[in-house]
Amino acid sequence: MHAPHKHTARRIGLAPRVLLGLALVAVPATAGAAGATDHSAAQVSSAARAATGLDDPAKKEIAMQLVSSAENSSLDWKAQYKYIEDIDDDRGYTAGIIGFCSGTGDMLDLVELYTQRKPGNVLAKYLPALRKVDGTPSHEGLDPNFTRDWQKAAQDSAFRKAQDDERDRVYFNPAVNRGKSDGIGVLGQFMYYDAIVMHGDGGDSTSFTNIRKKALAKAKPPAQGGDEVKYLNAFLDARVWAMKQEAAHEDTSRVDTAQRVFLRKGNLDLRTPLEWKVYGDSYRIG
């Protein structure tokens, strides 16, 4: 089951109403956890985590699975390239591995990229319609065959690669890079990624950048000499505020019973094994 994602003026995609009720197994404490007394050691540890990053292939795979468990009730995120439906959130069609939406611009960008790389593909003929419906929930010019053609395109490795590349360009890489520059580890980078996926990074008050600004007003990140756990708690506080500004995001369990659980456990590296529940279903990684 999908639910609405990214809340921005243009880049809005799919956003799960509920994410990860997590219970961690065998989670070691880290130097960044509360109670660390050697500030310089904590800083070195934080820098080391940021250097590894959520972009480490194994960590990135975990991030994709965590999101997919909530978005698709499955750890098999790669099965979602073909996903497409209108989930009645006024954003048109929601589709693919990150919830590209016909009404919010990111689906248009994706199909344009795919068409640049492979002219004459099965979705290219929908570009005029996608430009027309951008910013609206309309299906005009897309029905009745767009969903069928999307699923056909998903069989093409070039289209799957385009989805990967747009996810990374617009959401994943900016989140990881910002997290590294702030000196936060893998968990913090995942928090950034989850936030930018849901809220986008536009100019509105609930965008990722403004969520981060709210957090910075309350605590400093490690790169500015602050305590990582305190900063991440401040970020999650700001994130919860942002979620509550939109009815589609008002269930904050993805933060309350997921990311805060990791944080309380001191698992700043997202170490496996991980066990959690989504919509009452149990999942395990590792």
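Is the crossing of H7 and H9 left-handed or right-handed? The crossing is left-handed, a label used when the near helix is turned anticlockwise from the far one by less than a right angle, with clockwise being right-handed. Before going further, note that this is a predicted model, where local features need pLDDT of at least 70, side-chain atom pairs count only at pLDDT 80 or more, and totals for chains, interfaces and linings use all residues. Residues are numbered from 1 along each chain as its sequence is written, and side-chain values use heavy atoms, leaving out hydrogens and water.

Helix H7 covers residues 186-199 and helix H9 residues 228-243; their axes come within 11 Å and cross at roughly 15°. H7 is therefore roughly parallel to H9 (angles under 35 degrees count as such). Axes here are lines fitted to C-alpha atoms, for helices over the stretch in contact, with angles from 0 to 180 degrees between N-to-C directions. Helices (H or I, at least four residues) and strands (E, at least two) are DSSP runs numbered from the N terminus.

Two strands pair if DSSP finds at least two bridges between them. S3 (residues 93-95) pairs with S4 over 2 bridges, and Ala-95 stands opposite Phe-100 in S4.

Terms used:
Parallel < 35°, antiparallel > 145°, perpendicular 65-115°, else oblique.
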